[in-house]
Amino acid sequence: MNTGDASYIKKMNRRILIEETIQNVSLSRSDLARITGLNKATVSTQISDLLNDHIVTEIRERESNTRGRKPILLEINGQAGYSIGIDIDDNSINVIFINLKGNPIKKMQIPVISNNLEQVIDSIIKRLSPSILKHNSMYQPIGLIGIGIGIHGIVNNDDEIIFTPKHNWSNVEITSKLEKAFQTKVFVDNNANLCAFAEQVYDEHIPDLFCVTLYSGIGLGIISKNEIYRGYHGFAGEIGHMIVETDGLHCSCGNKGCWELYASEKALKNRISNSFPTATSCNGFEELLRDHKFDSIIDHYIHYLAAGLNNIINIFNPEELILNGTMIKSGSPITERIHQKLKSKINNYREIRASNIRGNACALGGAVFALKQFFQIDTMNLVPYDYLNSKVLT
């Protein structure tokens with residue numbers, strides 16, 4: 001039997017109340033007592049602490065037809081603070097600010113003008129400092145609570161960058177310099193992990209979810225039992241370096257025939273430009289499917305994409321596989337063509353679909369991961385807020 005002292009019990013009750021307040025958007029003290037099973041005295045004491053800490057705020061219930069005094073409702077205090085998510089990709093850095101309710105409040109892009117890591121970090125500090133100063137004055141009294149950064153490469157469990165194939169960064173850490181500059185906690189993770197986390201928090205809150213990112217390389221983010229699965233040292237999910245051709249193309253990782261050399265969006269675009277040098281850049285698969293001159297290239301791409309997905313399905317038996325890229329849109333006929341390729345009798349999954357968050361997923365995941373750490377909770381469910389229609393994200 002699990003036991004704990006009074007301090008542990010208090011932290012556990014606080015966590016439960018914050019999770020329920022987030023998930024239910026707004027509710028009364030009596031609602032919290034009923035949902036959680038905690039007695040009203042415990043709820044009252046905990047809510048008093050959360051009000052003093054500016055984590056929750058009180059509002060009057062909206063107009064209704066019922067008579068009598070309207071109950072006081074509790075919500076997360078969105079105006080008290082905010083977090084930041086940063087996605088460092090090949091050529092640009094995507095940044096999203098969210099408030100304590102997880103609502104996106106600002107989005108910005110920073111160009112990557114050098115592969116030198118020090119210059120990239122200096123650029124982030126220079127560009128973000130004015131916005132942070134502004135938002136610290138707007139979101140009071142807590143201000144900035146944390147920053148989550150997504151790296152397109154291998155990150156260990158100590159937030160250290162082990163290797164990035166595209167920028168060639170290896171065995172470096174960036175948290176100390178950023179924490180000193182911004183006076184807040186900084187978390188670093190693999191971009192696919194943060195994409196998967198954003199998918200679970202913002203779009204489909206299921207305990208087990210897989211997200212395959214298909215941009216310049218291929219990554220796999222795994223949510224298992226509501227936790228990001230990182231493996232022994234944090235290297236789990238480097239599925240783009242699964243070998244699909246034993247004597248294939250040379251990869252920057254040192255191997256030959258890695259999956260991302262055949263099934264990433266970068267690989268597809270390179271193949272198109274090599275075969276059709278005058279072809280304009282495509283916006284999506286729908287555009288390519290309308291022009292039959294690309295048929296053989298699309299068939300080649302789907303063949304390798306489905307082969308890799310088949311391996312993932314057979315190894316992990318995922319409930320849901322979400323494909324995140326710039327070209328695969330929700331409802332795309334490409335997903336049906338992938339399904340047709342997965343004919344093995346031992347394939348078992350509920351759904352393969354395109355991401356609804358797409359290019360915003362990594363930065364959103366970083367921001368909301370920092371928020372989760374600040375709240376010290378186990379799960380976050382922002383699906384009821386319908387934030388994906390936010391104008392900030394367009």
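Predicted model: local features only at pLDDT ≥ 70, side-chain atom pairs only at ≥ 80, totals over all residues.
1. Is D159 buried or exposed? With a relative accessibility of 19%, D159 counts as buried, because the cut-off for that label is under 20%. You'll find D159 in the loop between β8 and β9. Its backbone deserves a look too: D159 is not a glycine, yet has a positive phi of about 65 degrees. For background, most residues other than glycine have a negative phi.

2. Strand β9 (residues 161–164) is joined to β10 by 3 bridges, and the two run antiparallel. If you want a place to look, I161 is opposite V172 in β10. As a reminder, strands of a sheet pair through backbone hydrogen bonds.

3. H54 is another residue other than glycine with a positive phi, this one near 65 degrees. Look for H54 in the loop between α3 and β2. Its relative accessibility is 34%, so H54 counts as partly exposed.

4. While you're checking the backbone, which two residues does a cis peptide bond join? They are Q140 and P141, and omega there is about 10 degrees. P141 is in the loop between α4 (117–138) and β7 (143–151). In general, most peptide bonds are trans.

5. Now for helix α1 (residues 6–24). This helix has 19 residues and spans 27 Å from its first C-alpha to its last, close to the 27 Å expected at 1.5 Å a residue. Several of its residues are buried, including N13, R15, L17, I18 and I22. What do the buried residues of α1 pack against? Their partners are β1 (27–28), α2 (29–36), α3 (40–52), β2 (56–60), β3 (72–76) and α12. Just past the end of α1, V25 takes a positive phi of about 70 degrees.

6. On to the rings: the structure holds 11 aromatic pairs. Take Y202 and Y387, whose ring centres are 6.3 Å apart with planes at 55 degrees, so this pair is tilted. Y202 is in helix α6 (residues 191–203) and Y387 in the segment after α12 (361–375), so the pair ties together parts 185 residues apart in sequence. Both Y202 and Y387 are buried. Elsewhere, Y82, F97 and Y139 are linked into a cluster by ring pairs. There's also a charge to find over a ring: the charged end of K293 sits over the ring of F276, 5.3 Å from its centre.

7. Last, the cysteines. How many disulfides does the structure hold? The count is 0. C195 is in no disulfide, and its nearest cysteine sulfur, that of C362, is 4.9 Å away. C195 is buried, with a relative accessible area of 2%. C362 counts as buried too, at 2% relative accessibility.

Notes. Residues numbered from 1 in each chain as written. Heavy atoms only, no water. Phe/Tyr/Trp six-rings, centres within 6.5 Å; stacked < 30°, edge-to-face > 60°. Helix = DSSP H or I, 4+ residues; strand = E, 2+ residues; numbered from the N terminus. Buried < 20%, exposed > 50% of the residue type's maximum accessible area, 1.4 Å probe, protein only. Lys NZ or Arg CZ within 6 Å of the ring centre and 35° of its normal. Expected span 1.5 Å × (residues − 1). Contact = heavy atoms within 4.5 Å. Pairing = 2+ DSSP bridges. Disulfide = S-S within 2.5 Å.
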